[in-house]
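Me: I have a protein model to look through before planning my reading of it. Could you take me through its pockets, its cavities and one of its helices?

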Amino acid sequence: MISTRKFCGLILGFGACLAFGGTPTFAEAAADKPQVVLDTTLGKITLELDPEKAPITVENFLKYVDDGFYDNLVFHRVISGFMVQTGGMSDKLVEKHEGQRAAIKNESGNGLSNKRGTIAMARTNNPNSATSQFFINHADNANLDRAGGGYAVFGKVIDGLDVVDAIAKVETTTKGPHGDVPVKPIYIKSATRVKK
């Protein structure tokens, strides 16, 4: 009788055998997904990231988290029934440049959809212009999913969706060139990795 490992090697080749023989359990798969807590002035939001589907985006985001880049920034664009955006502006609506990294490759079309509670990268009209800003979808926004030219989803809210709802409900106004700005600033007090 041929062992599973030998059979796998004969039929599928070495690389496929490793994948076949090393299928992770649900717990192992979950352990491979980093989690980040956004401690905001309206409560905590826990994010689970997906490095398998969005490796470049997750690595970029975690570097900003580890550097403390997001601490004391605000949710500067809030549209109920659409999304809440943060990751780049002070409460004076001045974009933070110190510590900002180069733009990353767009990983939209990775199989993750802009559904309610997912987190995605914000960008300009250039698909490959995302740096630090991100948004949490407040509704299902499948229109943002275009492969290569969409908005790259890289994780989801696993706790604190009620906080996202609370942020989405705040009163907004226009300040200078910026629309949909919360009247009372909502801060990210800190963004930290969850230790497992």
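Me: What is the average pLDDT of the protein?

Reply: The average pLDDT is 88, and 84% of the residues score at least 70. Over residues 1-27, however, the pLDDT is below 50. That stretch has 13 contacts in the model beyond near neighbours in sequence.

Me: How should coordinates be treated where pLDDT is low?

Reply: Where pLDDT is low, the predicted coordinates should not be read in detail.

Me: Now the largest pocket. How much space lies in it?

Reply: The largest pocket holds about 480 Å³ of space. Its lining comprises 22 residues.

Me: Which of those lie nearest its centre?

Reply: Arg77, Gln85, Ala122, Arg123 and Gln133 lie nearest the centre of the largest pocket.

Me: And which strands each supply at least two residues of that lining?

Reply: They are strand E4, residues 83-86, and strand E9, residues 178-182. The largest share comes from E9, with 3 residues.

Me: What is the lining like by class?

Reply: In the largest pocket, 11 lining residues are nonpolar, 8 are polar and 3 are charged.

Me: Moving on, how many cavities of 30 Å³ or more are there?

Reply: The count is 2. The largest cavity has about 70 Å³ of space, and 13 residues line it. Asn106, Met121, Pro127, Ala130 and Ala152 are the closest to its centre. By class, the lining of the largest cavity has 7 nonpolar, 3 polar and 3 charged residues.

Me: What volume does the second largest cavity have, and which residues line it?

Reply: The second largest cavity has a volume of about 60 Å³. Its lining is made up of Val74, Phe75, His76, Asp91, Leu93, Lys175, Val181, Pro182 and Pro185. Of these, 6 are nonpolar, 1 is polar and 2 are charged.

Me: Last topic, helix H5. Which of its residues are buried?

Reply: Helix H5 covers residues 161-168, and Val163, Val164, Asp165, Ile167 and Ala168 are buried in it.

Me: What do those buried residues of H5 pack against?

Reply: The buried residues of H5 pack against several strands. These are E1 (35-40), E2 (43-49), E3 (77-79), E4, E6 (134-137) and E7 (153-159).

Conventions. Residues are numbered from 1 along each chain as its sequence is written. This is a predicted model: local features need pLDDT of at least 70, side-chain atom pairs count only at pLDDT 80 or more; totals for chains, interfaces and linings use all residues. Side-chain values use heavy atoms; hydrogens and water are left out. On a 1 Å grid over the protein atoms alone, a cavity is a set of points where a 1.4 Å probe fits but cannot get out, and a pocket is an open set with protein on both sides within 12 Å along at least five of seven lines; lining residues have an atom within 4 Å of a point. Grid points are joined across faces, edges and corners, and a volume is the space filled by probe spheres set on the points. Helices (H or I, at least four residues) and strands (E, at least two) are DSSP runs, numbered from the N terminus. Ala, Val, Leu, Ile, Met, Phe, Trp, Tyr, Cys and Pro count as nonpolar, Asp, Glu, Lys and Arg as charged, and the others, Gly among them, as polar. Buried means under 20% relative accessible area, exposed over 50%, partly exposed in between (1.4 Å probe, protein chains only). Contact means heavy atoms within 4.5 Å. pLDDT is the predictor's confidence in each residue, from 0 to 100.
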